[in-house]
Amino acid sequence: MNNEKQDHVLFYLKNGLRYDGRKKEEYREIEVETGISKSAEGSARVKFGDTQVLAGVKFEIGKPYPDKQEEGTMMIMAELLPLSSSKFESGPPGIQAIELARVVDRGIRESGAIDYKKLCIKPGELVWTIIVDILPINDAGNLFDTAALAAMLAIKNAKFPKLNGDKIDYKTHTKEKIPLIEEPVSITVLKIGEHFIVDPVPDEEEVLDARLTVALTNDSVICAMQKGGEHPLSMDDIKTMIEIATKKSKELRKHLG
Amino acid sequence: MAYKKRLDGRKFDELRPMEAKVGVIKNAAGSAYFKIGKTTAYAAVYGPKDLYPRFLKNPKKGILRCNYNMMPFSGSGDRVRPGPSRRSREISLVTTNALLPVVDLDGVPNSVVDVFIELPQTDAGSRCAGICAASMALADAGIIMKDLVGAISVGIVDGQVLIDLDYPEEAYAEGDVADVPIAYIPSTDEFSLLQMDGKISQKDLIKGLELAKKGANQIIEIQRKALRQKFEVQK
């Protein structure tokens with residue numbers, strides 16, 4: 001932990017200030033765009049200030065899981081491209097990329113967002129698999145929330161390719177969209193000292209004591225969580241962080257369209 | 001000769017519509033975006049920085065290291081498996097060699113300049129698009145350069161010499177196809193990338209390379225314009 005930097009961040013937070021002039025519970029300017037890759041069956045670009053993340057959906061077909069013979073599947077992957085920050089190195093996904101992908105995955109999976117039963121082609125034999133790939137172009141903080149929003153937007157943007165027997169005809173797109181039941185959003189709240197903030201920049205992420213990512217359904221029911229950081233959280237901390245997340249989720253939800 | 005009209009209606013010496021931007025990735029020392037037809041490429045430059053492991057260091061000059069990567073959803077068919085493939089490693093190598101002649105790294109011994117190329121969307125010509133983006137990104141990063149590099153493919157579709165094949169042309173089934181991706185350095189009138197798939201006569205190859213030079217010059221004009229837009233002082 002960088003103590004001097006933390007003192008500095010804390011000094012400003014005590015005065016209700018952040019490095020870029022925002023309030024503690026204020027997001028940076030958010031921009032979203034869908035259909036950014038014609039090669040993908042669905043795609044999206046999300047910008048939170050200088051942070052930019054792409055997400056793309058590809059479809060595959062395969063065997064269902066043995067315990068869910070009549071359900072399709074979904075897979076969410078993330079790669080922290082060295083293109084997007086000098087902090088990232090080439091090579092197979094490290095623990096940071098794995099945590100990012102799994103946290104985004106759980107938020108969407110546990111909300112029951114996708115109607116997997118409708119992804120079944122032939123019970124026990126053939127089902128659709130939805131693969132969402134998340135790739136940052138520029139990491140200026142808060143990959144968790146940007147990635148979750150980008151993944152959800154790409155899923156909403158996706159259209160099934162045509163199916164010819166047991167082969168996918170990627171050239172022909174149908175009008176059919178991924179059957180959705182829920183549209184979760186994820187909010188990450190950081191604890192630095194006694195302060196709680198959202199949408200951190202890298203300087204703030206480097207000095208966090210703890211973070212809590214909360215995914216919420218349309219009706220603001222909590223559907224997944226992940227605590228990060230080395231410091232534990234008290235009951236009061238958890239309450240406060242969930243309250244902030246619930247409040248901010250309504251704002252973020254507007255960008256889901 | 002049966003290929004009289006191009007599938008997308010272009011003239012035989014006409015490139016697909018292009019778009020170029022520099023400074024698109026704030027974290028990088030230099031960056032660029034290049035789009036040609038439906039192929040899009042980002043390039044980011046990091047460095048010059050200290051090179052590890054140490055045995056790779058060159059005490060006489062810095063080294064250039066390019067890395068080409070297709071995003072998993074960037075292929076028009078199946079998902080592309082993430083991580084390096086034999087294909088992407090070879091393209092990274094020829095990309096490095098395409099750019100090496102124009103960069104001057106004598107002033108930064110023992111260091112490395114990393115160029116990361118990522119493609120969100122592809123429709124043939126992705127290695128060339130990557131080189132075009134990388135050329136601008138290196139200039140944007142302030143790396144000393146002798147020239148810009150323009151990369152484009154030329155080839156033959158069913159007997160007709162033409163420039164900038166798109167995917168339907170590369171996959172043209174009714175006649176033979178040859179695909180020749182090149183990179184061109186105008187100031188020295190030299191080619192720094194030359195690959196070739198298919199069959200072509202010597203005469204047609206020379207004709208194609210002449211055509212490629214013209215195309216590369218057009219690309220470099222667009223690269224210059226994008227760089228000027230960022231660096232020229234607004235009056």
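This is a predicted model: local features need pLDDT of at least 70, side-chain atom pairs count only at pLDDT 80 or more; totals for chains, interfaces and linings use all residues.

Me: What makes β6 and β7 of chain B a pair of strands?

Reply: Pairing requires at least two bridges between the strands. Strand β6 (residues 150-157) of chain B and β7(B) have four bridges, so the two count as paired under that cut-off. Their sense is antiparallel, and Ile156(B) stands opposite Val161(B) in β7(B).

Me: To which sheet do these strands belong, and in what order do its strands come?

Reply: They belong to an open sheet of four strands in chain B, with the order β7-β6-β8-β9 and antiparallel pairing. From one strand to the next, the twist averages 30°.

Me: Why are β7 and β9 of chain B said to stand at the edges?

Reply: Each of β7 (160-163) and β9 (190-194) of chain B has a single partner strand, so one side of each lacks a neighbour in the sheet.

Me: Which strands does helix α1 of chain B touch?

Reply: Helix α1 (residues 86-99) packs on the sheet and touches β6, β8 (177-185) and β9 of chain B. The direction of α1 makes about 175° with that of β9(B).

Me: How many residues does each chain give to the contact between A and B?

Reply: Chain A gives 30 residues and chain B gives 23. On the chain A side, β3 (51-62) and β6 (126-138) are the elements that give two or more residues. The residues of that side comprise 14 nonpolar, nine polar and seven charged.

Note on methods: Residues are numbered from 1 along each chain as its sequence is written. Chains are lettered from A and ligands numbered from 1 in the order in which they are written. Two residues are in contact if their C-beta atoms, placed from the backbone, lie within 7 Å. Ala, Val, Leu, Ile, Met, Phe, Trp, Tyr, Cys and Pro count as nonpolar, Asp, Glu, Lys and Arg as charged, and the others, Gly among them, as polar. Axes are lines fitted to C-alpha atoms, for helices over the stretch in contact, and angles run from 0 to 180 degrees between N-to-C directions.
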